[in-house]
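I want to look up one residue first, and then the place where two chains meet.

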Amino acid sequence: MMEEKTRVDDIDRSIYDIRNEERDAYRLGAGLTPELVEQLSREKGDPDWMREFRLKSLEIYNKLPVPDWGPSIEGLDMDKIVTYVRPNTKMQGEWTEVPQDIKSTFDALGIPEAERKYLAGVGAQYDSELVYHNLRKEVAEQGVVYLDFESSLRSEYADMVREHFMTLVPPTDHKFAALHGAVWSGGSFVYVPKGVEVEIPLQSYFRLNAKGAGQFEHTLIIVDEGAKLHFIEGCSAPRYNVANLHAGCVELFVRKGASLRYSTIENWSRNMYNLNTKRATVAEGATMEWVSGSFGSHVSYLYPMTILRGEKSRMEFTGITFAGHDQNLDTGAKVVHAAPDTSSYINTKSISKGGGISTFRSAVVVNANARGSRSAVSCQSLMLDDISRSDTIPAIDVRTPEADVGHEAQIGRISDESVFYLMSRGISEEEARALIVSGFADNVSKELPMEYAIEMNNLIRMEMKGSIG
Amino acid sequence: MTEKTLTVNALAAKTWYWLKMNDTAVKVAVPEALPLKLEGAAAEAEPVACVTGMGADLDALLAESPANRIAVTAKAGEKQTARVHLRADAGKTEAAVLTVRAGENAELTLVMDCQQPAGAGANTTVIAQTRLQLEKGAKVRLIQLWLNQPGDIVFNDIGAVCGEKADFALSQIYLGADKVYAGAEIALSGAKSQTEIQQTYQAKNRQRYDFNDNVRHIGRKTVCRIDVNGVLDDGASKLFRGTIDLQKGAVGADGAEYENVLMLGEAASNQTIPLILCSEEDVKGNHGATIGRLDENLLFYLSSRGLSEEQVCQMIASARLNAACEALGDPQAACQVMRFAQIDSPCEEGKEDA
């Protein structure tokens with residue numbers, strides 16, 4: 001048999017599946033009780049207000065219902081989830097000081113290399129705590145603050161953090177926001193001072209290694225007036241035969257005239273329940289851009305929300321979701337126009353293959369005071385076989401006549417003509433289909449730094465492997 | 001008078017509760033029989049078993065009411081036209097259930113109107129449910145004119161099952177009622193069956209319209225097109241739920257839905273949720289929505305010709321209604337609507353009278 005050699009084969013899938021033994025890691029008991037939350041709070045050395053916040057959030061969690069409008073999360077048994085796993089290392093400022101097995105994992109994921117080449121700073125979280133955090137000196141000298149979240153609570157920015165923490169996503173928002181409030185651990189705090197433009201991106205990478213554990217990092221970013229930032233978030237985990245949970249929370253404050261781009265390439269393992277919440281508030285004349293690629297997890301609920309609170313603020317969401325075998329990915333975006341002359345553009349692509357379920361879900365709300373606002377939503381879905389599913393659920397709520405809102409959606413398949421054309425140029429059918437899908441995802445890849453676009457295309461090619469038949 | 005709380009117009013796939021679009025809860029009395037007059041095509045017929053757009057709660061309400069039940073039938077190969085005039089009594093809640101059967105290759109045009117004369121039929125609550133079965137090759141055009149008065153409440157529920165190559169066209173015009181709850185569920189069961197839904201409404205004051213259209217593509221090469229056009233003035237509000245469900249096995253199916261909402265009133269509000277559900281690869285599904293104000297260039301152009309903004313808005317709204325009337329394909333029905341809306345038209349006096 002002729003040896004198959006395509007560009008697909010050149011990609012090493014195993015890098016995402018690296019598993020390290022848990023050596024001397026501290027594990028909280030499984031489940032969710034006030035005692036466990038108090039124990040977690042003690043382990044983390046929380047200030048009193050945070051301990052009380054956690055306990056209050058737990059109360060709210062216990063009262064709120066499990067959502068019944070999205071994918072089933074019956075396979076997630078909170079009594080079996082360990083909410084806190086601390087690796088046996090402190091946070092380091094040099095990669096050489098990170099334990100070898102953990103460093104090797106991040107090396108394989110390309111994080112230290114990326115940092116050297118094109119990042120202004122990196123935070124690397126391993127299970128529940130950051131193991132590495134660094135900010136380039138010249139960026140720090142601009143006054144940019146990039147701290148692990150725990151340090152931020154004890155820093156000179158503690159009051160600022162407290163003032164903003166879970167105010168955009170309150171624990172009452174939904175059950176998993178409450179869960180996050182109770183057991184959050186890790187994450188980052190970023191403050192970009194007025195007028196400072198961070199030329200190259202910051203990145204946080206979240207790696208969940210522990211079997212049966214949850215990861216609940218909190219990201220709080222404040223981009224002050226006239227400042228500019230690109231923040232990249234990456235995440236992955238090895239695959240286990242038990243459920244893992246990710247219920248992170250991202251709160252973004254974009255001040256007057258500022259600009260923030262938040263890019264995510266998510267590649268959780270197929271046993272992950274990804275119940276993540278992201279929200280931004282955007283002041284006058286400011287811009288919020290989301291770039292989102294969702295490839296992994298067993299179940300995802302992910303809908304970054306933007307509140308356009310200031311006049312002439314704007315948002316753009318560009319996303320792609322690829323749902324393969326045993327995946328039910330419910331993704332999309334929400335935007336609230338809460339001021340005059342605001343604008344939003346949501347542009348998404350989704351792909352379903354091998355029995356995967358992809359749902360695009362969105363909400364565009366234009367308040368009565370948002371006169372002169374404009375919004376456009378475009379979603380396209382590609383079905384790669386007849387055992388998969390693709391749903392589109394876009395909601396529009398317009399409360400003023402002085403707005404223009406447009407929406408378009410399409411569902412279809414790869415045309416035989418396109419595949420035939422490429423095959424007639426000597427490309428195999430599998431590669432032809434992978435090429436077409438990569439082209440379909442072009443809206444996202446062209447918005448990413450080149451190295452991340454390559455990673456995304458590699459993920460698509462991995463997913464497309466075996467798509468014939 | 002016993003009042004029930006119904007949950008109607010449930011969205012085909014739930015979404016966030018905070019949007020308040022998943023369904024609608026409404027209180028209504030158990031209805032009496034709705035007076036009506038049927039012209040043509042009357043016949044005994046077995047009830048049609050099908051799902052309807054408004055849902056099971058309305059079925060249950062009708063099951064316990066003495067609703068007026070009639071049947072309209074076009075036998076195999078026949079070509080029929082029938083008209084049903086619903087005339088509700090002031091201040092009452094009344095219901096009628098229509099069964100419509102079209103045999104193989106039959107053609108049926110059914111015009112249903114519910115016109116309440118000004119002052120005479122105010123504060124009526126009219127509940128109409130129409131269940132249709134279209135056999136192989138049958139063509140049915142159902143035209144519904146809801147020409148109501150302030151204080152009127154309309155419940156309009158439709159369920160249809162289309163056999164192979166059957167063709168179901170549904171045209172609805174809603175004017176005047178304070179509240180409208182309308183649902184249609186159409187099952188394109190047979191291969192190459194098709195449906196076209198055209199909904200037109202113009203709401204003003206504090207009127208509230210609540211729609212739920214579901215088209216299930218079950219058979220191969222089935223086709224649907226949903227067009228919803230409306231004008232919202234003053235503090236009127238509307239919620240449109242539209243679902244194209246491309247089910248497994250519906251190979252070659254093609255579904256499209258388009259909505260255009262012109263918002264004129266300062267306090268008007270519009271909610272739209274157009275779903276495409278898809279579990280088949282070889283299909284096409286499209287939807288598009290345009291929601292907003294009058295085109296500024298058009299407004300400027302017409303204003304420069306001496307028209308006030310109010311006159312321009314009125315003219316555009318009338319033009320939209322006129323276009324919908326022409327698309328009905330039934331001059332008598334078109335005239336009835338235009339006279340009701342007091343739009344200048346070439347209709348002869350009295351021609352539209354039933």
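Predicted model: local features only at pLDDT ≥ 70, side-chain atom pairs only at ≥ 80, totals over all residues.

**Entry 1: B:D227**

I looked up B:D227 and found it in strand β16 of chain B, which covers residues 223–232. Is B:D227 buried or exposed? Its relative accessible area is 14%, so B:D227 is buried. Next I checked its neighbours. Leaving out residues up to four places away in sequence, B:D227 touches B:I197, B:Q198, B:Q199 and B:Y258. Its side chain also has a polar contact of 2.6 Å with the side chain of B:R225.

**Entry 2: chain A meets chain B**

How many residues does each chain bring to the contact? I got 41 from chain A and 39 from chain B. The area buried between the two chains is about 3,400 Å², and carbon and sulfur atoms give 51% of that. On the chain A side, A:W69, A:P401 and A:I411 lose the most area to chain B, together 17% of what that side buries.

**Entry 3: links across**

I found five salt bridges across the interface of chain A and chain B. One pair I looked up is A:D404 with B:R293, whose closest N and O atoms are 3.2 Å apart. From chain A, β25 supplies the largest share of the side touching chain B, with 11 residues.

**Entry 4: strands side by side**

Strand β24 of chain A runs antiparallel to β19 of chain B (residues 269–278), and six bridges join them. There, A:V398 stands opposite B:N270.

Notes: Residues numbered from 1 in each chain as written. Chains lettered and ligands numbered in written order. Heavy atoms only, no water. Helix = DSSP H or I, 4+ residues; strand = E, 2+ residues; numbered from the N terminus. Buried < 20%, exposed > 50% of the residue type's maximum accessible area, 1.4 Å probe, protein only. Polar contact = N/O pair within 3.5 Å; in protein donor to acceptor, adjacent residues only side chain to side chain. Contact = heavy atoms within 4.5 Å. Buried area = accessible area lost by both parts, 1.4 Å probe. Salt bridge = Lys/Arg side-chain N within 4 Å of Asp/Glu carboxyl O. Pairing = 2+ DSSP bridges.
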